Amino acid sequence: MGEEQKQMLREILLSATILGVFGILGAALVAITWSATEERIAANQREMFLRNVYKLVPKEQVTNELLKDVITVNDPRLSARPVRVYRARHDGKPLALIFSPVESPGYAGPIRLMVGIGADGVLGGVRVLSHQETPGLGDKIDEQKSDWILSFSGKSLGNPPVEKWKVKKDGGIFDQFTGATITPRKIVAAVKRTLLYFQQEKDRLFKLPAETNPPNAPNH
Ligand SMILES: Cc1cc2nc3c(=O)[nH]c(=O)nc-3n(C[C@H](O)[C@H](O)[C@H](O)COP(=O)(O)O)c2cc1C
């Protein structure tokens, strides 16, 4: 091999090495940015989730890490899809359960609810996590649009009596919306279902061992 060819080979090798090093550096940078972004997104989701949770459970009374005190229940009495149950405790004693999401088919698509129930069976409250109901009709279930969803706070299976857990049009106590009865009817039924499930399963739900690998970011 002539001197000129050797020189050329050296230059090719050098270029290839430089390219390779930059390639690796680029890939590493993308990986680092991606994992940092993913963790940031998860942290935001946890924060949003907890903001909802603490509307339903008194934050100052919660002494456990409820995001890690979670079980998953898969029971058609409650919801067609698996529901995560977050357990809030005060000094080890049962304080409240957060069911999220309890899913119910609405008028236009699935409605996903967060339902918080105190250990005494009284509703801390209900929030709509997502829905596809019609703007101006069914979407008054959204806390941003009306106070309707707040009407569940403080209610329980005895208050009102079980047979009154219906919209007014069906003989119950809950308001429907003008021209939109289906959406509130579905939500009242889903909340009642959750209360009944709670009544039947509460002791077991508080006692079951927590999942060892809870999700990094809860579905908010
Ligand atoms: C385009 C369109 C969208 C509607 N969206 C909803 C809705 O989001 N939620 C709802 O309860 N009803 C909605 N309705 C009305 C329902 O079809 C139904 O008439 C209403 O809920 C009253 O139900 P009821 O007869 O069981 O009382 C919609 C109707 C139309 C035509």
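1. Two strands count as paired if DSSP finds at least two bridges between them; helices (H or I, at least four residues) and strands (E, at least two) are DSSP runs, numbered from the N terminus. In strand 2, Val 85 is the bridge partner of Ile 71. Strand 1 and strand 2 (residues 83-90) run antiparallel and are joined by 4 bridges.

2. This is a predicted model, in which local features need pLDDT of at least 70, side-chain atom pairs count only at pLDDT 80 or more, and totals for chains, interfaces and linings use all residues. Residues are numbered from 1 along each chain as its sequence is written.

3. The open sheet has 5 strands in the order 1-2-3-4-5, with antiparallel pairing. Its edge strands, each pairing on one side only, are strand 1 (70-73) and strand 5 (123-130).

4. Helix 2 (residues 182-207) lies across strand 1, strand 2, strand 3, strand 4 and strand 5, at about 140° to strand 3. Contact means C-beta atoms, placed from the backbone, within 7 Å; axes are lines fitted to C-alpha atoms, for helices over the stretch in contact, with angles from 0 to 180 degrees between N-to-C directions.

5. The chain is divided into domain 1 (1-56) and domain 2 (59-207), with bounds from an automatic or database domain assignment. The contact takes 6 residues from domain 1 and 9 residues from domain 2.

6. Residues around the ligand (C-beta atom, placed from the backbone, within 6 Å) include Tyr 107, Glu 133, Lys 169 and Thr 183.

Notes. Two residues are in contact if their C-beta atoms, placed from the backbone, lie within 7 Å.
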